[in-house]
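Subject: Structure handover

Hi,

Here is the structure I promised to pass on to you. Have a look at it first, and my notes follow below.

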Amino acid sequence: MRTQVTFKRALASGSAALCLAVAGALPAIAQDYQEAPGFADLVASGALPAIEDRLPASPMVQETLDSIGEYGGTLRRAILGGGDQHNMVRLISNENLVRWSADWSTVETNIAESYTVSEDATTFTFNLRDGMKWSDGEPFTVDDIMFWYEVFSDERLTPSKHPMYTGASGPVEVTKIDENAVEFKFGEANGLFLQNLAYGFGYYTVNYPRHYLEQFHADYNSDIQALVDAEPAAADWVSLFNLRAGPMHTPIFWQNADRPTLHPWHIAEAYGSTDRMVAERNPYYWKVDGEGNQLPYIDRVTWDQVEDPESILLKAFNGEIDYMARHIGRPANLAALTDNKDRGQYGFYQVGDITASQAALMLNLNNPDPVKNEIVNTFEFRQALSHAIDRQEIIDLVYLGVGNAVQTSPHPLSPLYNEEWSTQYTDFDPDAASALLDGMGLNQKDDDGFRLGPDGERLTLVFLVADVFGFQYPDVMELVSGYAADVGLDIQVRASDRSRLQEVASNAEHDGYIWNCPGGLNDAYTNPDCYLPRGQAVYWAPEWAAWGVDPTTGTEPPANIKALFEAYEGVTGSADPAVQETALKSLIDQAAGQLLTIGLMQSDGAYGIARENLRNYPDPMPIAGQLWTPAPYTAQFYFEGGDNLR
């Protein structure tokens, strides 16, 4: 594997690497701009404006990872089922006001040409690139950000606010300064706002094209009912608007080929409309390389829809996958991929996918069943389940010996690492597990040897599972179910499509869920979702998470959980890295001691495959939590020779 960025150095940088002064753009290009040959032909025919009229006055100059590229080719991937939208999200769509550098060490300008932050970290001012355009050629200005803010502030459209845009005193206030300058102001210090904007969910502010979406808004279209009547899936204008303005991390966004974007490629064939999704080069993309060549280099990106990960493997063997780690970068596939790499004409790259736990059991601590809810909220029950599991056997059998037995906690590469957090309650000790269960009154069993709850009925917990990321969750859960049965616990495993499982889990309609936990590295600062019920994907406590965003919703948590929110205020309420680190360690210490999630294993990263003539991709590629990579850098991918290998 080649090495272009120093990943481990970046891991140790922490939040101190963030510059809170003024960030500016790279110098403007002095020479003329160049474009893809197909666009040059369209310009010559009059079908497309000249490149100087399509680019902003000061395009962003994308730093080159390897070399200046060549135009041409199709980047081919594969996609699973109806809930694999992050396959697109993480590859082509992470264009925010600011971004992380390729080595995840600093926050840099992106859509914003420059920004300033007040000394008290309450006010953030962003200056946009003059003359930027959406993929349909319409201007992108502060008015588009203000339209997002209008939607965000409208209780009809956004009843639940994303936590990164809210503070203790309420939601952010956004003010238009002029056509290219906008201010975000919080009622208190928000020392992590820039980092959050650089992560995935920073996309909200710059993904609401006013000129397109106003037609679906009753306040702007007096004939809105005609559009509602024409859409069978819409009951009223609110549901119609939500269909057309669906969040980018949901399938709805990728099912709408009409929605303009700022991404390097725009949707040509929508997700689910055919067996192949297609994204084509955006003629108005606002980035160039160091020689003035408009990006992206690659003509289009395609995703063939397949039924299972094994089908993706076969495509890789046959040379039909040009760049991919998702679904196939598992230890069990490495030998087969190695054996077939000459046939498929690909090599390997490193993926720094380092989580707090690659596989974590998330008991629903907001279970709607009062009997189950009381049991799973008893610490001794979670401790017993943790001791019942043979983590090393899971690592040996499922992950071929690659990984470490841990609780949910920061990785040893992280400056936040604490051995006690990592190792507590991880000993495989079925006798201790049984004693703990007996001690909490679950000592009665039915004729099959399974424990009875206080209601006299068998205590059965159903865990939801999806086969995603190459993490082999169904195999893990089958082993967990067996370990649980050995101590008298009936754990059933129910597999389904990822989107359906997430819908059920988000609504707190489940008993348990197996997923990965972010927060293994520096993402613990901005994405502590397994240490704190915060965010929109907290499957272990969705009702507490809703309360954390808006105390008038969800379920008020007990004092021990409220203390976690208070600890995190110490992280977000200061721009001082030392203060942030101390507060975060206090939060993790409290969370780790409560076993809010039960971590199983942690890896040192994964791998992906890239065709032998693909260039300019990060290696290693950092990815954790909401660090949606390689999307900020995919525009500079290119094929040496200008096309795919055949």
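In helix α19, the buried residues are Tyr473, Val476, Met477, Val480, Ser481, Tyr483 and Ala484. Buried here means under 20% relative accessible area, exposed means over 50%, and partly exposed is what falls in between, using a 1.4 Å probe and protein chains only. Helices (H or I, at least four residues) and strands (E, at least two) are DSSP runs, numbered from the N terminus. Looking down the axis of α19, the buried residues fall within an arc of 165°, so they line one face of the helix; the arc is that of the directions from the helix axis to the C-beta atoms. The face turned away from that buried side carries Glu478 and Asp486, which are exposed. The length of α19 also agrees with expectation: its 14 residues (473–486) should span 20 Å at 1.5 Å a residue, and the end C-alpha atoms are 20 Å apart. The expected span is 1.5 Å times one less than the number of residues. Just after α19, glycine 488 takes a positive phi of about 90°.

Before going on, the ground rules. This is a predicted model, in which local features need pLDDT of at least 70 and side-chain atom pairs count only at pLDDT 80 or more, while totals for chains, interfaces and linings use all residues. Residues are numbered from 1 along each chain as its sequence is written, and side-chain values use heavy atoms, with hydrogens and water left out.

Now the sheets. Six strands make up an open sheet with mixed pairing, in the order β19-β23-β18-β22-β20-β21; two strands count as paired if DSSP finds at least two bridges between them. At its edges are β19 (404–405) and β21 (490–495), each pairing on one side only. β19 runs antiparallel to β23 (residues 598–602), and two bridges join them. Alanine 405 has methionine 601 in β23 as its bridge partner. Two helices pack on this sheet. Helix α15 (residues 379–388) touches β18 (357–363), β20 (460–465), β21 and β23, and its direction makes about 140° with that of β18. Helix α16 (residues 391–398) touches β19 and β23, with its direction at about 45° to that of β23. For these angles, axes are lines fitted to C-alpha atoms, for helices over the stretch in contact, and angles run from 0 to 180 degrees between N-to-C directions; contact means heavy atoms within 4.5 Å.

Another open sheet has four strands, in the order β16-β24-β17-β26, and its pairing is mixed as well. Its edge strands, β16 (323–324) and β26 (621–623), have a single partner strand each, so one side of each is left without a neighbour in the sheet. Six bridges hold β17 (residues 346–353) and β24 (residues 606–611) in an antiparallel pair, where glycine 347 stands opposite alanine 610.

Strand β15 (residues 300–306) is largely enclosed by the rest of the structure, because five of its seven residues are buried. It pairs with β3 in the parallel sense over seven bridges, with isoleucine 79 facing glutamine 305 as bridge partner. Strand β13 (residues 276–281) pairs with β15 in the antiparallel sense over five bridges, and there methionine 277 is partnered with tryptophan 303.

How many disulfides does the structure hold? One, taking a disulfide as a pair of cysteine sulfur atoms within 2.5 Å. Cysteine 517 and cysteine 530 form it, with their sulfur atoms 2.1 Å apart. Cysteine 517 lies in strand β22 (residues 512–517) and cysteine 530 in the loop between β22 and α21 (542–549), so the pair ties together parts that are 13 residues apart in sequence. The torsion about the S-S bond is about -80°, so the disulfide is left-handed. Cysteine 517 is buried at 0% relative accessibility, and cysteine 530 is buried at 5%.

- Threonine 125 is in strand β7 (residues 123–128) and is buried at 15%. Leaving aside neighbours within four places in sequence, its contacts include Ser114, Tyr115 and Ile177.
- Glutamate 231 is in the loop between α8 (224–230) and α9 (237–244) and is buried at 17%. Not counting residues up to four places away in sequence, glutamate 231 touches Leu240, Leu243 and Arg244.
- Aspartate 66 is partly exposed at 38%. Aspartate 66 and proline 618 are 552 residues apart in sequence, with their C-alpha atoms 9.1 Å apart in space.

Best wishes
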